[in-house]
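Hi,

Here is the structure I promised to pass on. Have a look at it first, and my notes on what turned up follow below.

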2 protein chains.
Amino acid sequence: MTISKGPQLFPREEYLRRLAAVKKEMAQRDIDAFIVSSPANITYLSGHTAHTAYVPQGLVISMQEEEPTFIMRRMDAPAAIHESFLNRNNVIGYPENLIANPEKDGYDVIIDFLHERGLANRGVGLEPGFLTLKQFGRGQDKFAIRLPKARIVDCSRAIDWIRLVKSDLEIAVMREAAAIADAAIMRAAAVIRPGVREADAAAEVVGTLIRGANGKPGTAIAPYCMCSSPRTGTAHIRWSDDVFREDSQINLEVGAVRQGYTAALMRTYIIGKPSDRLRRLHEAEVAGLEAALNTVRPGATCSDVANAFYRTLEKQGFTKESRCGYAIGIDWTEPTASLRDGDTTVLKPNMTFHVMLGNWVEEDFGYAISETFRVTDSGSEALTTAPRKLFEL
Amino acid sequence: MTISKGPQLFPREEYLRRLAAVKKEMAQRDIDAFIVSSPANITYLSGHTAHTAYVPQGLVISMQEEEPTFIMRRMDAPAAIHESFLNRNNVIGYPENLIANPEKDGYDVIIDFLHERGLANRGVGLEPGFLTLKQFGRGQDKFAIRLPKARIVDCSRAIDWIRLVKSDLEIAVMREAAAIADAAIMRAAAVIRPGVREADAAAEVVGTLIRGANGKPGTAIAPYCMCSSPRTGTAHIRWSDDVFREDSQINLEVGAVRQGYTAALMRTYIIGKPSDRLRRLHEAEVAGLEAALNTVRPGATCSDVANAFYRTLEKQGFTKESRCGYAIGIDWTEPTASLRDGDTTVLKPNMTFHVMLGNWVEEDFGYAISETFRVTDSGSEALTTAPRKLFEL
């Protein structure tokens with residue numbers, strides 16, 4: 001029996017519009033076939049979100065075909081048929097004996113497909129950064145060896161730049177994700193107390209990220225970081241075996257995922273009263289956050305936004321070494337625009353960013369605040385709406 | 001102020017023993033420096049588990065030094081000082097302006113370090129499968145270009161083969177993880193009911209994976225898959241927006257993580273009475289599972305174990321296309337031994353495997369059962385102990 005088509009997040013026209021933009025780019029680069037390997041780009045162009053990138057896979061876009069062809073492990077093909085907008089004939093599962101097989105793997109099937117479709121003799125676009133197969137060897141050289149007549153073109157980030165500007169349909173989904181992130185941040189404020197295990201609080205917060213908000217559940221679990229005293233100077237520890245204590249400070253970073261789209265949010269919590277230093281840093285960071293968001297408008301650059309933050313922070317006697325954020329959408333961090341000094345990307349309406357103001361001041365002292373926002377026609381709109389306060393618990 | 005050293009999972013001698021085994025391998029390959037990039041191998045050799053592999057990092061082992069040097073993003077260095085057994089001077093954070101910087105990145109800092117330490121003119125081991133930086137470019141060529149006098153040696157999987165056999169200390173941690181996996185599987189049986197949203201059940205199961213068992217919390221969230229009707233023919237969908245219904249079947253795969261070590265477990269649930277076909281498949285799979293576990297003993301091969309399963313299943317009128325499992329430990333799937341036909345790896349005591357008998361028979365029909373087990377001196381011991389039943393809810 002065949003699997004049914006699942007509910008579709010976006011209409012077919014939305015995917016065809018995205019594909020048209022990619023094909024325009026392909027034409028400019030004079031390539032006939034584009035082997036898309038980035039999981040986020042595959043989600044963008046097909047609607048597929050299942051966890052399948054742990055083995056070779058590729059979404060092959062041909063200039064001659066309206067729809068791409070998704071080549072993947074056979075075990076995972078039914079998920080793609082169910083989730084994606086693709087015609088079922090455009091999902092090809094390769095045999096299981098290519099898994100953990102040092103002689104031949106899924107990339108060979110993709111290469112065979114190019115030969116069969118007459119796409120092996122002209123320009124072929126790759127995303128080399130996603131071709132290396134982590135667990136069982138290298139994938140990239142194989143393309144050069146087995147496609148000797150093709151002109152291999154590095155198309156890294158070509159699709160990522162296209163998806164930097166979201167459609168209104170995408171913004172609506174990110175808004176759902178943002179509401180979930182807000183709920184998780186508020187749940188943390190409700191459950192973090194002296195004597196509570198960090199793991200028990202994490203279970204509540206992650207549970208909220210999954211249960212969702214406004215009747216819309218989360219649909220995946222993004223990396224979760226809860227760095228509490230004495231670890232507030234660290235950025236990416238999940239949680240520890242400790243319990244919270246009087247005077248514990250907790251820096252929380254959550255990502256809520258709704259049908260592939262992520263909204264991220266950070267807040268800082270203190271059990272009891274904050275130190276003067278923490279309070280001053282919080283006030284400086286909030287002022288910097290507002291200065292950054294007030295700088296956002298179409299025509300401003302990422303660098304302008306970052307520098308608005310840095311200058312405000314410096315006026316209050318603090319500095320931040322790391323960048324101020326990055327484009328966000330599918331799969332959390334997008335690899336294109338950065339909110340950092342010198343990034344000349346010009347903002348456009350419906351670009352979305354995570355303005356990430358985590359500031360790890362010393363090895364044992366840090367602070368976190370952030371928002372997920374979109375660029376509007378005239379400024380910025382924070383999609384996340386949790387209070388911009390230092391939560392005193 | 002400096003960050004404190006966190007509680008250590010293993011004594012220093014355990015890490016030095018592991019490093020000695022790696023250095024023996026380095027001597028055989030005539031390399032002076034080994035740049036370890038696999039996050040699981042870094043955990044194995046240092047105790048570091050924080051989420052830091054999203055940007056370039058490397059644990060550099062030198063034949064001249066007892067301890068390795070961990071080079072990573074500055075923001076993340078405090079986590080490594082806190083978590084790892086390394087002397088704080090052996091953790092080097094590189095500047096934040098190397099993030100999202102197309103001119104220079106963390107790999108350049110690692111290469112500079114090799115030059116400074118006089119390690120740039122002889123054999124240098126790499127794990128190329130982990131060098132490609134997903135988001136901001138390619139890392140591998142840089143080593144060839146900037147280390148022209150070095151002999152670059154592909155050391156892929158060298159450490160993975162060493163960590164295939166666990167110490168008793170590692171087995172103890174995996175036993176804690178297995179108890180958490182058992183608890184999660186039982187929690188699913190308690191909460192899956194008609195009318196319950198899949199997301200609400202997922203929140204409960206994941207919550208259990210975080211809260212843990214026997215007073216030992218989970219310490220990270222592994223990929224989670226709950227494939228319910230009409231998606232039982234899929235393998236890696238997280239969950240959906242649906243509610244469970246009368247007659248829903250649910251195939252659940254959980255991974256419990258305890259301080260870096262994973263135990264995985266799969267079970268199948270049915271609301272109401274199973275179809276005859278599902279019941280027969282369940283019985284055949286359990287018989288196959290037992291045949292496989294009864295074949296495990298030091299001296300048998302992975303292929304022997306897989307074929308014991310396949311032959312038993314075939315006698316009952318079923319087949320399974322995919323492999324029967326893989327080595328498991330740090331980071332879930334280890335990239336070495338596979339329980340598949342033709343894998344001649346000889347079993348040794350304290351190797352650990354996930355015997356993974358998920359069987360996606362048709363696009364719309366599948367079944368899942370598995371155990372995490374260790375090889376004992378004379379046979380096998382399942383670390384996971386949930387009932388091997390088809391859960392009828």
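A quick definition before anything else: two residues are in contact when they have heavy atoms within 4.5 Å. Also keep in mind that this is a predicted model.

With that in hand, how do the two chains meet? 100% of the interface residues of chain B are also interface residues in chain A, so the copies meet through the same surface. In numbers, 78 residues of chain B are in contact with 78 residues of chain A.

Now the interface itself. About 6600 Å² is buried between chain B and chain A, and carbon and sulfur atoms give 55% of that area. There are 10 salt bridges between the two chains. One to look up is the salt bridge between the side chains of B:Arg88 and A:Glu363, at 2.9 Å from N to O.

Which elements of chain B give two or more residues to the side that touches chain A? They are helices H3 (77-83) and H8 (198-211), plus strands S7 (220-221), S12 (332-338) and S14 (359-362). H8(B) gives the most, with nine residues. By type, the residues on that side of chain B divide into 32 nonpolar, 22 polar and 24 charged.

Cheers

How values were computed. Residues numbered from 1 in each chain as written. Chains lettered and ligands numbered in written order. Predicted model: local features only at pLDDT ≥ 70, side-chain atom pairs only at ≥ 80, totals over all residues. Heavy atoms only, no water. Buried area = accessible area lost by both parts, 1.4 Å probe. Salt bridge = Lys/Arg side-chain N within 4 Å of Asp/Glu carboxyl O. Helix = DSSP H or I, 4+ residues; strand = E, 2+ residues; numbered from the N terminus. Nonpolar A, V, L, I, M, F, W, Y, C, P; charged D, E, K, R; others polar.
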